[in-house]
Amino acid sequence: MQFGVPVNDHRPVPVMTVQHAHQVMQTHLECLSTECPIKKQARARLIEARRMVPGGRDFSGY
């Protein structure tokens, strides 16, 4: 839980840590990051921290 928002909530948080981003990605496996605001934020945070490297092809939503 970060900022009083449970990990399974779909609303983005004001500041996301790398640890919280990992939790979100594991909890929101069924969500598409194109449709889930917090998963989109988590994905962007992990890419920014160089913990996730997007593939060379167009993004499919995961």
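How far is the sulfur of Cys36 from the closest cysteine sulfur? The sulfur of Cys36 is 3.9 Å from the one in Cys31, too far for a bond. That's judged by a simple cut-off: a disulfide is a pair of cysteine sulfur atoms within 2.5 Å. By this rule the model has zero disulfides, and Cys31 is in none.

A quick word on what you're looking at: this is a predicted model, where local features need pLDDT of at least 70 and side-chain atom pairs count only at pLDDT 80 or more, while totals for chains, interfaces and linings use all residues. Residues are numbered from 1 along each chain as its sequence is written, and side-chain values use heavy atoms, with hydrogens and water left out.

Here's how some residues sit. Buried means under 20% relative accessible area, exposed over 50%, and partly exposed in between (1.4 Å probe, protein chains only).

| Residue | Relative accessibility | Class |
|---|---|---|
| Val18 | 16% | buried |
| Cys31 | 16% | buried |
| Cys36 | 3% | buried |
| Arg50 | 74% | exposed |

Val18 belongs to helix α1, residues 18–27. Helices are DSSP runs (H or I, at least four residues), numbered from the N terminus. Leaving aside residues up to four places away in sequence, Val18 touches Arg45, Leu46, Ala49 and Arg51; contact means heavy atoms within 4.5 Å. Leu46 is 28 residues from Val18 along the chain, yet their C-alpha atoms are separated by 6.3 Å.

Then there's Arg50, in the segment after α2 (37–48). Most residues other than glycine have a negative phi. Arg50 isn't a glycine, but its phi is positive, about 60°.

Terms used. Helix = DSSP H or I, 4+ residues; strand = E, 2+ residues; numbered from the N terminus.
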